[in-house]
Amino acid sequence: FREHGVAATPRHWPAPRPRPSSAAMAAAEAPKWLLAAFPGYQWQKVQRCELKVRPQGGAGLQFEATEFGYLIEGVENDAGQDACLQSGSSVISINDVPLMGLDEDALNDTFGNHFRDGAKVVVLSSGELQKASEQANGQGHIAHVPLGCQCTAELRSGLSRDLDEFSRRSGVLAELCGAESSESATIVLAGTRDKVCVARSELGALLSYHKRTSGAPETGAAEDESATVEVAGTVMRSLPARNRRKRAAPEVDPDEEENAANDSSAKGDDDGSGPAEKVAKVGSGLEPEMPEQHQYEYMDHTADVILHSWGTTLNEAIGQVCVAFFSYMTELEKIELETSFEVEAKGHDMLDMIYHLLDEFLFHFGTEFIMCRRVDILEFDPDNFSIRARGFGEKFDLAKHPQGTEIKAITMHQMKILTPETLTTEEGVIPRTSDLMEGGSVREGFPYECYVLVDI
């Protein structure tokens, strides 16, 4: 925000001169989302004021991005800001839009969208924020879900009513934030981490319904970049994926491809192997080998989501992250085990292998529309980074299966694998310790974990 007079990098400032006080706004109540994220904590000094932004010189504030919002690190002497905007305080919301829970890029965008003279901000001391976080034992959580369309008056009215009921049922606060005409309006979910993660996965269907019935124009994608597919007589519009890593298909001579197909077909007729074995009806001897499990959760990540699974073995954790992938898009309890299919994947390392495995399931869903309720790992070679899995489920049918949030792409960003001894990330393999930055303590009973960020 250098053009607005807000410094993005730390530098030293002279001691600020006395500035006007905001006594009328100082004894403010804590925002509802803050109370929901830190239940039971008694906030001592929540302050509200308005930003002063000069035509020349901007706000005269130096900010540092943190998990709570913007930490004030310096104030220019002639900035004329309210007394509560002082070094060591944190701006946690602007124009009633929370800044807590955003990564640095999203924080920059959100603050910039509302940055103007007279913008209303909520301020807390960084010390009190840290104390509240420690008391909550890291369970306080806030998620921001972009609306993805213009927030018309009709959409706001209907959605706000349903969000009240959604809050009651999910046990988290769900609030629509942003001006009525804003294209960057978001829904803020606040509560304990586990409840917010569950609510985040269930919110997609509600948003889809209101955007469809209100006719609000979608934002962020050109019409000619979208694709449509027909499932069970309903046309679904799929927006383009962001930053999807694609693999180039090898060039194959048409004659060679035809010969290979004929050979494969002949082989299947001779010995029962080949393509006929890759897809099969359940009941043909290809049944799930493992009991049904639900060892996964969803962790919010700005506009994306992190699939987090765990297991008693690495095989189990990998299988569960595949189940989590499908569970995010529909309610698995409604999926029958009518058919099954196999996928195989290889990689140059463990992370690359898991990326390709999930990408194969994504490709199969995009072409065959089969949702998997169960996934068994049939073969896994950790030394050569190859894996073979079978998914069990049925074809997606909107008349039968609730529509969740579409997953558009698998990413390698922030992917990690935990074993009892090691932490594997894109930066390499290191010993696992109790330090959270090095994997943290082993989950009781489930020493293997997978984290995969997906594009939604």
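**Group meeting: loops, salt bridges and a pocket**

Okay, let's start with Asp-96, which sits in the loop between β5 and β6 (97–98). One thing before I go on: this is a predicted model. Asp-96 is not a glycine, and still its phi is positive, at about 65 degrees. Is Asp-96 buried or exposed? With 56% relative accessibility, Asp-96 goes down as exposed, since the cut-off for that class is over 50%.

You'll find Phe-369 in the loop between α10 (350–368) and β17 (370–381). Phe-369 has a relative accessible area of 15%, so we call this one buried; the limit there is under 20%.

Next, the loop between β4 (69–75) and β5 (89–94), which is where Asp-82 is placed. Asp-82 is a buried residue without a salt bridge. So which side chain of opposite charge is nearest to Asp-82? That's Lys-52, and it is 5.7 Å away, whereas a salt bridge needs the nitrogen within 4 Å of the carboxyl oxygen. What the Asp-82 side chain does reach is the backbone nitrogen of Cys-84, at 2.9 Å.

Okay, salt bridges. How many does a search of the whole structure find? The count is 11. Arg-54 and Glu-76 meet through their side chains in a salt bridge, 3.3 Å from N to O. Arg-54 is in the loop between β2 (47–50) and β3 (61–66), and Glu-76 is in the loop between β4 and β5, so this pair ties together parts 22 residues apart in sequence. Then there's Asp-78, whose side chain also forms a salt bridge with Arg-54, at 3.4 Å, N to O. Asp-78 belongs to the loop between β4 and β5, with Arg-54 in the loop between β2 and β3, so here the parts tied together are 24 residues apart in sequence. As for Arg-54 itself, the relative accessible area is 21%, which means it counts as partly exposed.

Another pair to look at is Glu-394 with Lys-400: their side chains form a salt bridge at 2.9 Å, N to O. On the Glu-394 end, the residue is buried, with a relative accessible area of 5%. On the Lys-400 end, relative accessibility is 35%, so that residue is partly exposed. And there's a network as well: Glu-342, Glu-379, Arg-388 and Arg-390 are joined into one by salt bridges that share partners.

Last stop, the second largest pocket. How much space lies in it? About 2000 Å³. The pocket is lined by 46 residues, and those closest to its centre are Arg-193, Met-299, Lys-416, Leu-436 and Tyr-451. Several elements give two or more residues to that lining, among them α6 (193–214), β8 (140–146), β15 (304–311) and β23 (448–455). Which one gives the largest share? That would be β14, with four residues; on the sequence, β14 covers 296–301.

Arg-193 and Lys-416, from the set closest to the centre, belong to the charged class.

That's my tour, thanks.

Definitions and conventions
Residues are numbered from 1 along each chain as its sequence is written. This is a predicted model: local features need pLDDT of at least 70, side-chain atom pairs count only at pLDDT 80 or more; totals for chains, interfaces and linings use all residues. Side-chain values use heavy atoms; hydrogens and water are left out. On a 1 Å grid over the protein atoms alone, a cavity is a set of points where a 1.4 Å probe fits but cannot get out, and a pocket is an open set with protein on both sides within 12 Å along at least five of seven lines; lining residues have an atom within 4 Å of a point. Grid points are joined across faces, edges and corners, and a volume is the space filled by probe spheres set on the points. Buried means under 20% relative accessible area, exposed over 50%, partly exposed in between (1.4 Å probe, protein chains only). Lys and Arg count as positive and Asp and Glu as negative; His and the chain ends are not counted. A polar contact is a pair of N or O atoms within 3.5 Å; within protein, one must be able to donate a hydrogen and the other to accept it, and residues adjacent in sequence count only if both atoms are side-chain atoms.
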